[in-house]
Amino acid sequence: MKQYDIAIIGAGPAGLAAAAAAYDAGAKNIIIIEREDAPGGILNQCIHAGFGLHTFNEELTGPEYAARFIARVKERGIDMLLSTMVLSIARDKTITAMNRTQGVFTIQPKAVVLCMGCRERSRGALNIPGFRPAGIYSAGTAQKLVNIMGYMPGREVVILGSGDIGLIMARRMTLEGAHVKLVAELMPYSGGLKRNIVQCLDDFDIPLMLSHTVVDIHGRERVEGVTIAEVGADLKPIAGTEEYYPCDTLLLSCGLIPENELSRGMGVGIHPVTGGPMVNESLETDIEGVFSAGNALHVHDLVDYVSEEAAAAGRNAAQFALAGNANEVCTQRICIELSGGIRYAVPSAIAPDRIQSSLTIRMRVGSVMKNKRLNVIINGEKIISRPRPVMAPGEMEQVVIMKDMLDKYAKVESILITTEDM
């Protein structure tokens, strides 16, 4: 059984950033395990621009962004096992994995960083009636077919769901010569970034139908069309609003789910809202020495935030691996309270005396909110208040609490993040 300081599961943007940061923090004996045959994760098929504006102050494509972090890992000589599937992780952090050359083997790291990313919600999870004809794809699968494999999924396209991948594929399919008839969205708001709505739909005159969903798929061998209906406040179809759209392809962009079968298998506590692990201020799960970052922790909208978060997880994992404990002092733990329409916050609980210089808290709201202030209240005192003209579920919010904001209190009794009208 080979020993490592840190094992990182996944070589996507989170895993690569965590590895480089952990190495720079002093942990030199690191292994990255990736099931694909190349590092980079989902970025390898995201050939559109828009990445790196925060990290590199320039606009990059997905492969360009990934290449910069791959270079960082290679420059540091960090070991990477590709085409290797992790089968399980025990509670004592023993990793069982397999590949074609080594067969089944085990690794014993001092710390683990979970960076498995996320997956798309499938048709089976959506309960759409109809047969199972060819021509139904998740948006990410269609993206891989077009951008990596050079196949065209179809010519007459309807997209269900307005997540960022679906919006981007509306533009991509149009540029490849397909006719994208519409994007239907169950909710009364889009699930994607505003910039993607403008650049991918508005610029190509593709209609976005909010509060609509697919209620039937027609065709036995191949998709022949779909029936779309308006939904009410209860999100159920309204009788009499059905409309038939002939098409040969249906793309599904109905949400992303953090990939956490390995996390559950080792007994990590899962957050009921995010679907990812519950973590503290160090991005450490409820199993000591096991950290999580990126879309395996909670679904992000910008890869720059994934890299920033994963780098923090990597540094904390290195500190744990080298010292035997990420932070020795922990006199209290405070659960972060939420109100005013905020659905979740990461981390969900913190130890104030373990925060070194600052703490970034990322969160999402549950509906579109306008003309609000985002407030952080400690012990009943408002310490941060930011005007937010618009907040939407598709765009992540964040606040940064500085260490000196907490040090002014002899004891932090409560932390509340909430909203109020401006």
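N280 is found in the loop between α6 (261-266) and β19 (290-292). Helices (H or I, at least four residues) and strands (E, at least two) are DSSP runs, numbered from the N terminus. This is a predicted model: local features need pLDDT of at least 70, side-chain atom pairs count only at pLDDT 80 or more, and totals for chains, interfaces and linings use all residues. Residues are numbered from 1 along each chain as its sequence is written, and side-chain values use heavy atoms, with hydrogens and water left out.

- N280 is buried, with a relative accessible area of 7%. Buried means under 20% relative accessible area, exposed over 50%, and partly exposed in between (1.4 Å probe, protein chains only).
- N280 touches R333, P347, A349 and R354, if residues up to four places away in sequence are not counted. A contact here means heavy atoms within 4.5 Å.

**The whole chain**

- The protein chain has eight helices and 27 strands.
- A compact globule of 422 residues would have a radius of gyration near 22 Å, and the protein chain agrees, with 22 Å. This radius is taken over C-alpha atoms, and the globule rule is 2.2 Å times the number of residues to the power 0.38.
- Along the principal axes, the C-alpha atoms fill a box of roughly 65 × 60 × 40 Å.
- Of the 422 residues, 54% count as buried.
- Take the contacts with a separation of 6 or more: residues 24 or more positions apart account for 62% of them.
- The chain exposes about 18,100 Å², and carbon and sulfur atoms supply 50% of that area. Accessible areas come from the Shrake-Rupley method with a 1.4 Å probe; for residues, only the protein chains shown count as cover.
- The chain has 41 positive and 48 negative charges, and their mean positions are 2 Å apart. Lys and Arg count as positive and Asp and Glu as negative, while His and the chain ends are not counted. Each charge is placed at NZ of Lys, CZ of Arg, CG of Asp or CD of Glu.

**Helix α3**

- Helix α3 spans residues 139-149, and its buried residues are A139, G140, A142, Q143, L145, V146 and N147.
- An α-helix has 3.6 residues a turn, so residues three or four places apart point the same way.
- The cover over the buried residues of α3 includes β9 (118-120), β10 (136-138), α4 (164-175) and β17 (249-252).
- G150 follows α3 and has a positive phi, near 80°.

- β6 (residues 85-89) runs antiparallel to β7, joined by four bridges. Two strands pair if DSSP finds at least two bridges between them.
- In this pairing, M85 stands opposite M98 of β7.
- The β6–β7 hairpin has five residues between its strands, and K93 in the turn has a positive phi of about 80°.
- β7 also pairs with β8 (residues 103-114), antiparallel, over five bridges.
- V104 in β8 is the bridge partner of M98.
- The hairpin of β7 and β8 has three residues between the strands.

**Residue L160**

- L160 is found in strand β11 (residues 156-160).
- L160 is buried, with a relative accessible area of 4%.
- Beyond its neighbours within four places in sequence, L160 has contacts that include I128, A184, T213, V214 and L250.
- L160 and M209 are 49 residues apart along the chain, and their C-alpha atoms are separated by 9.7 Å.
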